[in-house]
Amino acid sequence: MEKGIGRDPEAEWRPSPNIDRRGDTAPSLVILHYTGMPSADGALSWLCDPASKVSSHYFVFEDGRLIQSVDETMRAWHAGVSGWHAIRDVNAASIGIEIANPGHDHGYVDFPDAQILTVIALVRRIMARWQIPAEGVLAHSDVAPNRKIDPGERFPWARLADAGIGRYVPPVPIADGPVLALGDIGQPVARLQRNLASLGYPVEETASFDDYTQAVVAAFQRHFRPERVDGRADRSTIATLERLISE
């Protein structure tokens with residue numbers, strides 16, 4: 001297959017059969033995942049197995065080796081049921097990158113330097129090819145907060161932000177004080193939900209702090225306030241969120 005706009009010049013090609021067409025939608029998001037499997041080779045094999053019904057455009061090994069399995073012009077099956085702002089078919093609107101890491105169920109570890117350098121360089125090339133803004137680079141947990149927790153709180157979003165990737169502000173320090181938590185109702189909860197939706201999270205303004213809102217708050221914390229991920233909207237979480245949407 002010849003290299004064109006949908007093929008990265010730095011990637012080794014290993015195609016996955018699990019693809020279809022995007023339709024008229026051009027990529028406007030980049031979604032970062034971790035593999036969540038004990039073996040990187042096993043994860044890549046699974047993404048290229050027709051029985052899995054999953055795929056990703058790119059795969060980044062711990063040592064920084066880069067694999068491409070789906071042409072960027074095609075729709076990979078990586079995000080599942082998900083949303084961001086008005087987008088409800090994230091697969092059709094995004095490019096997916098799987099980053100080898102055993103994840104929370106298999107001994108979650110920090111992401112090696114060589115791996116993150118490859119991710120940064122790749123994402124910058126993708127952003128340039130498709131004119132994707134910095135804020136269009138997201139975690140899988142951002143777009144599917146009630147189902148996914150990857151790439152998780154160990155992922156170095158601040159480092160990516162230094163390279164012009166992603167939306168980021170330094171988290172407001174954690175301090176004692178009131179929190180919004182499961183079971184709370186009223187206008188403070190509605191404001192929290194409204195602010196989360198303004199950032200892009202797929203949450204409705206119900207004024208009820210339900211299980212789904214808790215999952216969205218935890219997803220926000222994993223990305224933007226990773227020091228404590230508990231799904232409770234404390235002062236630090238709320239202030240960090242307000243700082244982000246007021247940028």
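At what angle do the axes of helix α6 (residues 187-199) and α7 cross, and within what distance do they come? In this predicted model, local features need pLDDT of at least 70 and side-chain atom pairs count only at pLDDT 80 or more, while totals for chains, interfaces and linings use all residues. Residues are numbered from 1 along each chain as its sequence is written, and side-chain values use heavy atoms, with hydrogens and water left out.

The axes of α6 and α7 come within 11 Å and cross at roughly 55°. Here, axes are lines fitted to C-alpha atoms, for helices over the stretch in contact, and angles run from 0 to 180 degrees between N-to-C directions. Helices (H or I, at least four residues) and strands (E, at least two) are DSSP runs, numbered from the N terminus. The two helices α6 and α7 are therefore oblique to each other; angles under 35 degrees count as roughly parallel, over 145 as roughly antiparallel, 65 to 115 as roughly perpendicular and the rest as oblique. On the α6 side, the contact (heavy atoms within 4.5 Å) is made by Leu-192, Gln-193, Leu-196 and Leu-199, and on the α7 side by Thr-213, Val-216, Val-217, Phe-220 and Phe-224. Seven of these residues are nonpolar, two are polar and none is charged, where Ala, Val, Leu, Ile, Met, Phe, Trp, Tyr, Cys and Pro count as nonpolar, Asp, Glu, Lys and Arg as charged, and the others, Gly among them, as polar.

Helix α6 also meets helix α8 (residues 235-245), with axes that come within 10 Å and cross at roughly 45°. This pair, α6 and α8, is therefore oblique as well. Contributors to the contact include Arg-191 and Asn-195 of α6 and Ile-238 and Glu-242 of α8. By class, the contact of α6 with α8 has seven nonpolar, two polar and two charged residues.

A pocket is an open set of points on a 1 Å grid over the protein atoms alone, where a 1.4 Å probe fits, with protein on both sides within 12 Å along at least five of seven lines; lining residues have an atom within 4 Å of a point. Grid points are joined across faces, edges and corners, and a volume is the space filled by probe spheres set on the points. Of the 24 residues lining the largest pocket, Tyr-34, Thr-35, Glu-98, His-140 and Lys-148 lie nearest its centre. The second largest pocket holds about 150 Å³ of space, and Trp-84 and His-85 are among the residues closest to its centre.
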